[in-house]
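Please look over the sequence and the structure shown here before reading on. The briefing is meant to be read beside them.

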Amino acid sequence: MVATSDIVIEVRDLDFYYGDIKALRGVSLNIKRNQVTALIGPSGCGKSTFLRLLNRMNDLIPGTRVEGQVMFEGQNLYDEDVNPVDIRRRIGMVFQKPNPFPKSIFNNVAYGPRLTGIKDKKKLDELVVRSLKQAAIWEEVKNSLDKSALSLSGGQQQRLCIARALAMAPEVLLMDEPTSALDPIATSRIEELVEVLKKDYTVVIVTHNMQQAARVSDDTAFFYMGEMVEMGNTERLFTKPEKQQTEHYITGRFG
Amino acid sequence: MTGAASRRYRMMTERVAFGIIRLLAGLVVITLGGIVLFLIYQGARAVNWSFLTEAPRDAMTKGGIFPAIIGTFYLTIGSSLIALPLGVASAIYLSEYAREGWLLKLIRLGIQNWAGVPSVVFGLYGLALFVVFLGFGVSILAGSLTLGFLILPTVIGASEEAFRQVPSTFREASLALGATKFQTICRVVLPSALPGVLTGSILGIGRAAGETAPIMFTAATFYTKHLPTSPLDQVMALPYHIYVLATSGTHIDQTRPLQYGTVLVLISLVLGINIFAIIIRTRMRRKKTW
């Protein structure tokens with residue numbers, strides 16, 4: 001049994017609309033602390049939309065509407081007095097395609113801390129080194145911190161983006177199909193990294209690769225047609241799915 | 001037709017088509033080259049060190065164009081100081097803040113039409129608003145404002161295009177790190193767009209340097225020996241000086257070489273400004289890797 005304090009994010013009856021189109025219907029689920037939660041499902045099932053609701057990135061799309069609650073450490077993210085900027089500092093995000101800034105490796109990682117007003121060179125140095133080490137890319141870039149981030153390979157860029165997110169010391173790290181643009185070797189390095197990160201962070205990862213979900217996650221939620229069909233312990237969900245739709249998806253009958 | 005014959009036919013049409021296109025392109029180059037050579041031939045005789053560094057003398061039949069060079073320099077700098085901040089700010093609003101809709105369409109339409117307004121209309125507008133109503137008089141300030149407004153649509157257009165070319169993933173990455181919209185614009189969007197903003201704007205500024213009509217009523221004076229000491233002074237300017245030499249001289253045979261010399265200086269100046277813009281663009285292209 002999981003105590004309440006082990007739940008970081010509690011989603012209750014979440015509906016989401018793009019204009020008149022209802023993209024998510026009545027989604028309720030819990031994200032547990034220091035665990036990796038995978039969101040799986042076929043393309044267009046709403047899993048990425050759901051992920052982006054957890055740090056209010058969907059606010060940026062005009063004409064969208066949210067109903068229901070996303071409780072994060074006891075506070076509803078969609079209360080009127082909540083500033084999305086503060087939320088995004090506490091809940092970091094890594095995107096599908098690596099998207100480093102056209103700046104140096106150092107300045108990419110230091111970008112977030114600088115936003116919060118940290119100017120002290122020594123403190124920034126420390127943060128950058130620590131974040132790069134945490135993201136398992138330090139050894140590869142330690143002699144080229146002044147080089148452009150765009151000179152790195154795709155897999156390195158993605159780990160740099162993870163380092164950049166970690167530099168904000170977020171409580172939760174959201175990853176939106178972080179390996180879909182990477183080759184198998186780069187993918188396995190990111191997967192190894194996710195395993196390590198859960199010691200310090202709570203990770204939510206969207207993937208359409210079921211093997212990946214099985215490999216890296218503790219809990220898995222299966223989304224289909226805007227609904228959360230089933231959620232549970234990853235091993236249990238993949239071996240003994242309770243819902244027929246889940247079974248059909250994981251046995252490859254659709255999707 | 002046999003296969004070989006039809007292939008021959010296709011090759012021939014291709015050759016003819018290419019030939020015509022080449023000829024037309026060549027015509028453009030020849031015309032341009034002709035004008036430039038003519039100006040160099042006519043103007044080079046007048047241009048020398050004292051021409052560039054002295055004031056006109058003897059009812060403009062002798063001496064140089066130094067005050068006009070200085071005047072055009074001030075007007076160019078002044079109009080940039082006005083058009084750049086206003087233009088970049090407007091472009092930031094249009095591309096980053098404004099929501100798509102009829103209002104935005106109307107503003108864009110307005111800016112496009114603005115760019116097509118004849119420059120003499122700007123001159124009259126400047127005369128009415130800056131010279132008379134705001135009381136700046138015929139001055140560098142009034143002329144810079146008028147020229148600044150003339151090139152504003154160019155600056156807005158170039159800047160907006162440059163902002164649009166900044167990938168939205170940069171903005172997303174920044175916002176996801178907890179940056180505010182304003183921080184994102186200042187720290188990511190603007191630096192990435194700056195070379196494009198500058199290139200487009202400098203081309204506009206080059207145009208401002210060569211305009212006559214907008215400064216006729218607002219900044220330029222027929223003749224002054226004195227260099228300006230304040231933004232409220234009137235100045236001589238190269239384009240207006242050419243106009244004066246070409247239309248108001250009584251000793252045409254004596255003023256004509258000076259006139260061509262002035263044209264050559266002005267053309268070189270505008271060309272120099274454009275080359276500067278091209279250098280920035282080339283360097284930017286080399287650096288840009290997204």
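This is a predicted model: local features need pLDDT of at least 70, side-chain atom pairs count only at pLDDT 80 or more; totals for chains, interfaces and linings use all residues.

Chain B and chain A bury about 1,700 Å² between them, and the contact draws on 19 residues of chain B and 22 residues of chain A. Within chain A, the notes turn to an open sheet of four strands, to the pairing of strand S9 with S3 and S10, and to two residues other than glycine that have a positive phi, A:Glu177 and A:Met225.

**The interface between chain B and chain A**

- Of the area buried between chain B and chain A, about 1,700 Å², carbon and sulfur atoms give 65%.
- Within the area that chain B buries against chain A, 35% is supplied by B:Ala176, B:Leu177 and B:Arg187, which is more than any other three residues supply.
- The rule finds one salt bridge across this interface, and in a salt bridge the side chain of B:Glu172 meets that of A:Arg52, with a distance of 2.8 Å from N to O.
- Six residue pairs are in polar contact between chain B and chain A, counting pairs with both residues at pLDDT 80 or more.
- On the side of chain B that touches chain A, the elements giving two or more residues are helix H7 (168–176) and helix H8 (181–210) of chain B, and H7(B) provides the largest share, seven residues.
- By residue class, this side of chain B divides into eight nonpolar, eight polar and three charged residues.

**Helix H7 of chain B**

- The buried residues in H7(B) include B:Phe170, B:Arg171, B:Ala173, B:Ser174, B:Leu175 and B:Ala176, and B:Ala176 is also one of the three residues that together supply 35% of the area chain B buries against chain A.
- After H7(B) comes B:Gly178, which has a positive phi near 90°.

**The open sheet of chain A**

- Four strands of chain A form an open sheet in the order S2-S1-S4-S5, with antiparallel pairing.
- The edges are formed by strand S2 (21–32) and strand S5 (75–76) of chain A, each of which pairs on one side only.
- Strand S1 (residues 7–18) and strand S4 (residues 64–72) of chain A are joined in the antiparallel sense by eight bridges, and A:Tyr18 has A:Thr64 in S4(A) as its bridge partner.

**Strand S9 of chain A and its partners**

- Strand S9 (residues 219–224) of chain A is mostly covered, with five of its six residues buried.
- Strand S3 (residues 36–40) of chain A runs parallel to S9(A) and is joined to it by four bridges, with A:Ile40 standing opposite A:Phe222 of S9(A).
- Strand S10 (residues 227–233) of chain A pairs with S9(A) in the antiparallel sense over six bridges, and A:Phe223 has A:Met228 in S10(A) as its bridge partner.
- The hairpin of S9(A) and S10(A) has two residues between the strands, and A:Met225 takes a positive phi near 50° there.

**Buried positions in chain A**

- A:Leu174 lies in strand S7 (residues 172–176) of chain A and counts as buried because its relative accessibility is 0%.
- Contacts of A:Leu174, leaving aside residues up to four places away in sequence, are with A:Leu51, A:Leu54, A:Asn55, A:Ile91, A:Gly92, A:Met93, A:Val94 and A:Val204.
- A:Leu174 and A:Val36 are 138 residues apart in sequence, and their C-alpha atoms are 9.9 Å apart in space.
- A:Ser217 lies in the loop between helix H8 (210–216) and S9 of chain A, and it is buried, with a relative accessible area of 9%.
- The side chain of A:Ser217 reaches the backbone oxygen of A:Ala213 at 2.6 Å and makes a polar contact with the side chain of A:Thr220 at 3.1 Å.
- Leaving aside residues up to four places away in sequence, A:Ser217 touches A:Val36, A:Thr37, A:Ala38 and A:Thr234.

- Most residues other than glycine have a negative phi.
- A:Glu177, with a positive phi near 45°, lies in the loop between S7 and helix H7 (184–197) of chain A, and counts as buried because its relative accessibility is 8%.
- A:Met225, with a positive phi near 50°, lies in the loop between S9 and S10 of chain A, and is exposed, with a relative accessible area of 59%.

Conventions. Residues are numbered from 1 along each chain as its sequence is written. Chains are lettered from A and ligands numbered from 1 in the order in which they are written. Side-chain values use heavy atoms; hydrogens and water are left out. Contact means heavy atoms within 4.5 Å. Buried area is the accessible area (1.4 Å probe) that two parts lose on being put together, summed over both. A salt bridge is a side-chain nitrogen of Lys or Arg within 4 Å of a carboxyl oxygen of Asp or Glu. A polar contact is a pair of N or O atoms within 3.5 Å; within protein, one must be able to donate a hydrogen and the other to accept it, and residues adjacent in sequence count only if both atoms are side-chain atoms. Ala, Val, Leu, Ile, Met, Phe, Trp, Tyr, Cys and Pro count as nonpolar, Asp, Glu, Lys and Arg as charged, and the others, Gly among them, as polar. Buried means under 20% relative accessible area, exposed over 50%, partly exposed in between (1.4 Å probe, protein chains only). Two strands pair if DSSP finds at least two bridges between them.
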